[in-house]
Structures are given as structure tokens and as C-alpha cells.
Amino acid sequence: MHSIVRQNSTCTNLLECLHDWSGNIQSRNCTNVVYFAFKKAFDSFSHPKLLIKLKAYGLTDNLLSWITDFLSSRSQCFRLGNSLSQPISVMSGVPQGSVIGPTLFLLFVNDVINIFDNVAVSFKLYADDIKLYSCYNITSSCDDLPVAINQLYECSVT
């Protein structure tokens, strides 16, 4: 994961890809690349799904209760000029500007890499963006990238 993790950045993400793709060109192979930018990813992931993942990571008792309370009963309102809207419940996402928000997001997306275990694709993560790429010989079939795209879609909507 590039971005939030120390000593990783957009530059390290791009340099790793450049290294892979340059080696592939030198080997006279092909590369297919697909970029995904998840719209409002920090705002849209499910609180219940996050809590299930946190339990699976081994969080229990006080810490899990604290995070549950932190995410529960949240509301927001909007200001336009001097007018303030009625509060509405917030059922998903992480509170913007919170210290723990980026960590919760990382824990939520951390397992996305596992969906690519059975396909021959490479991937790079940067915050809420995913880059999938497949390197292959022109004479061989390139069936893994569409499979990986479908797996990512299924993981995103369920």
C-alpha cells in the first residue's frame, strides 16, 4: 500500500510499475494496465463490514467497543451561507479529519489483495486507487486481467 504507509508514495508506486513494465518491454512481452479510482471511498464503506473485518483481524473487547462507539450514532449537517440543514445519520465511511480514519480505511481495504491470489496479475494500491496490470507473451492468452477485474467488482459491491 502506497500513500499512508511510511516511506511509500506516488513516486515509489510509479517507480515499481516502471521497473516491472520496463522489464516486460525488454523481454518483448505485452502489458495491459487498468486503473480504478473508487469514488468517495473514504465516505462509502460499510461500518458493519468494517467491524466484521476488525473482529477477523483479532480486535476484541475494549478496542472493538471503542471503534464501534466511534462509528455509531454519527450525524452530519450542511451549511449554506447562514442556513444549516437538519442533521442526517452517517451510516458509512470514516470521519474526515480524524486521526484514526486513515487507519480504519487501510484495515478495510487491506484484504483486497487476497482476491488476486488465484490470478496472474500484479497490482499497486494508493489510498483509494488500484492499478492492476498483466504482463504476458503475445503468443499466450491474457485471460487473467478480466478475471481480476471481475473479482474486484464482486468484492466492491458485496
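Leaving aside neighbours within four places in sequence, with which residues is His47 in contact? In this predicted model, local features need pLDDT of at least 70 and side-chain atom pairs count only at pLDDT 80 or more, while totals for chains, interfaces and linings use all residues. Residues are numbered from 1 along each chain as its sequence is written, and side-chain values use heavy atoms, with hydrogens and water left out.

His47 lies in helix α3, helices being DSSP runs of H or I with at least four residues, numbered from the N terminus. Apart from those sequence neighbours, His47 is in contact (heavy atoms within 4.5 Å) with Leu71, Val90, Met91, Ser92 and Gly93. The side chain of His47 reaches the backbone oxygen of Gly93 at 2.6 Å. His47 has a relative accessible area of 8% and is therefore buried (under 20% relative accessible area, with a 1.4 Å probe and protein chains only).

Helix α3 (residues 47-56) packs against helix α5 (residues 101-109) at an angle of about 75°, with the axes 9 Å apart. The axes are lines fitted to C-alpha atoms over the stretch in contact, and angles run from 0 to 180 degrees between N-to-C directions. The two helices are therefore roughly perpendicular, a term covering 65 to 115 degrees. Lys49, Leu50, Lys53 and Leu54 of α3 meet Leu104, Leu107 and Phe108 of α5.

Leu50 also touches Phe45, Leu71, Leu104 and Phe108, not counting residues up to four places away in sequence.

Definitions and conventions: Parallel < 35°, antiparallel > 145°, perpendicular 65-115°, else oblique. Buried < 20%, exposed > 50% of the residue type's maximum accessible area, 1.4 Å probe, protein only. Polar contact = N/O pair within 3.5 Å; in protein donor to acceptor, adjacent residues only side chain to side chain.
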